[in-house]
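Trainee: I have a model to go through. Can we take it step by step?

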Amino acid sequence: MRDVEIGHLRLALRLAARGRYTAYPNPMVGAVVTDRGGRRIGRGYHHAPGQAHAEVAAFAESGRARGGTLYVTLEPCSHHGRTPPCIDAVVASGVGRVVACHADPDFRVRGRGLRALRDAGIEVAVGPLAREAVRLNLRYLVEKVEARPMVTLKWAQSLDGKIATASGESQWISSPKGRQWALALREEHDAILVGSGTALADDPSLDRRLGLAPGPNVRVVLDRRLRVTSRARLLTVDGPVIIYTESGNERRIAGLRSRGVRVARRKVWTLRSVLRDLHRLGVGSVLVEGGAQVLGGFVAAGEFDRVEVCTAPKLIGGGGAPGPIAGSGVAKLADAPRIEAMRTGRRGPDRVMSGVREGLLDHLLVELGGA
Ligand code: AOF
Ligand code: ZN
């Protein structure tokens, strides 16, 4: 593919990202239309469910585009959902060619959109920038392809990798800008999850508060022994709260339930069964905010997809100050779970880093290739 064409697709990916907080449960999609001479005549993205799909938004700007090309980050849809099928708009536009990053795993599409375009005599190319597109839509794709919530592990640490002092002080390690970054992550996830240690020590409210995403998030506490009480700040904020427990403390369970908490009690909760339960309740993505025991549990079980870390330029030091991931860790470096597709950024004095569990992008690409 020529560089100018890759440039069009890169622009389409940047446009798609404008829907980061609003497109869900739909994917983020961006589109660019060029005329016969290769000039950009339309651009669009999908803002929110029920609103125009990216292709339709781009054609609204370009008008007819006979002999032109549509660059789109996802296979155009072939079904009637909240909006009519995009393939009809593509055919009506008169473009002779469509370039798409990857197929749509939605069961109503799965290659049917691309096939319909080819059947209509349109040249179709699939695959360029597929890795970038998959990374962008990790939340949508993990949920659709794997039928489970996407899990992001997040923590803030000092430059020497500590998440608190030896005495347990952790507010605040990161700068105000670093904390804004952390709050923005909440807006990308359906559920925020912590362990009971963090729930007791920090008494967090775990809500979204930047107003970027619509509606409240689900707040989840893993609390085997049911130590969280009805006085927790968590319960003073509107929105669903779920506590996973193995305790038989009926009085406390009743007290929490009377406050509207969904207390999910079982003899044994594994992280996998918690995630399955959350998925059944409609949760498509989970942000795990700690503490170290819970983060360590998710790492040891291999139940995570993304890692987001904010590093503040401070040195805490000391053998007693905790790191982000508790548990026994790996004995050999060769066994260390690896993170790939690392990206770094700045938030004031802090550095933020983001990566994906090794192998996940390739796995999704293979699954989508078969779509
Ligand atoms: C596209 N372009 O911009 C998006 C697509 O109910 P609807 O009409 O909003 O359709 C949602 C489904 O359409 C979604 O699950 C996914 O399969 C596809 N999203 N497709 O061609 C877009 N957002
Ligand atoms: Zn569509």
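Trainee: Is cysteine 86 buried or exposed?
Mentor: This is a predicted model. Buried means under 20% relative accessible area. Cysteine 86 has a relative accessibility of 0%, so the residue counts as buried.

Trainee: Which protein atoms are the donors of the zinc ion (ligand 2)?
Mentor: They lie 2.0 to 2.2 Å from the zinc ion. Along the chain, the donors follow the spacing H-x23-C-x8-C. The protein donors are His53 (ND1), Cys77 (SG) and Cys86 (SG).

Trainee: What arrangement do the 4 donor atoms around the zinc ion (ligand 2) make?
Mentor: Four donors count as tetrahedral if all angles lie between 85 and 135 degrees. The angles here are 95 to 120 degrees, so the arrangement is tetrahedral.

Trainee: How many residues apart in sequence are the parts that histidine 53 and cysteine 86 tie together?
Mentor: Histidine 53 is buried, at 17% relative accessible area. It lies in the loop between strand S2 (40-45) and helix H2 (54-62). Cysteine 86 is in helix H3 (residues 86-93), so the pair ties together parts that are 33 residues apart.

Trainee: Which residues come nearest to ligand 1?
Mentor: The shell around ligand 1 divides into 7 nonpolar, 6 polar and 6 charged residues. Of the 19 residues around ligand 1, the nearest are Ala54, Glu55, Cys77, Arg82 and Asp104.

Trainee: How much of the accessible area of ligand 1 does the protein cover?
Mentor: An oxygen atom of ligand 1 is 2.5 Å from a side-chain N or O atom of aspartate 104. A backbone N or O atom of cysteine 77 lies 2.9 Å from an oxygen atom of ligand 1. On its own, ligand 1 has 520 Å² of accessible area, and the protein covers 99%.

Note on methods:
Residues numbered from 1 in each chain as written. Chains lettered and ligands numbered in written order. Predicted model: local features only at pLDDT ≥ 70, side-chain atom pairs only at ≥ 80, totals over all residues. Heavy atoms only, no water. Donors = N, O, S within 2.8 Å, 3.2 Å for Na, K, Ca; no water. Tetrahedral: all angles 85-135°; square planar, octahedral: opposite > 155°, others 65-115°. Helix = DSSP H or I, 4+ residues; strand = E, 2+ residues; numbered from the N terminus. Buried < 20%, exposed > 50% of the residue type's maximum accessible area, 1.4 Å probe, protein only. Near = heavy atom within 4 Å. Polar contact = N/O pair within 3.5 Å; in protein donor to acceptor, adjacent residues only side chain to side chain. Areas by Shrake-Rupley, 256 points an atom, 1.4 Å probe, with all protein chains shown as cover. Nonpolar A, V, L, I, M, F, W, Y, C, P; charged D, E, K, R; others polar.
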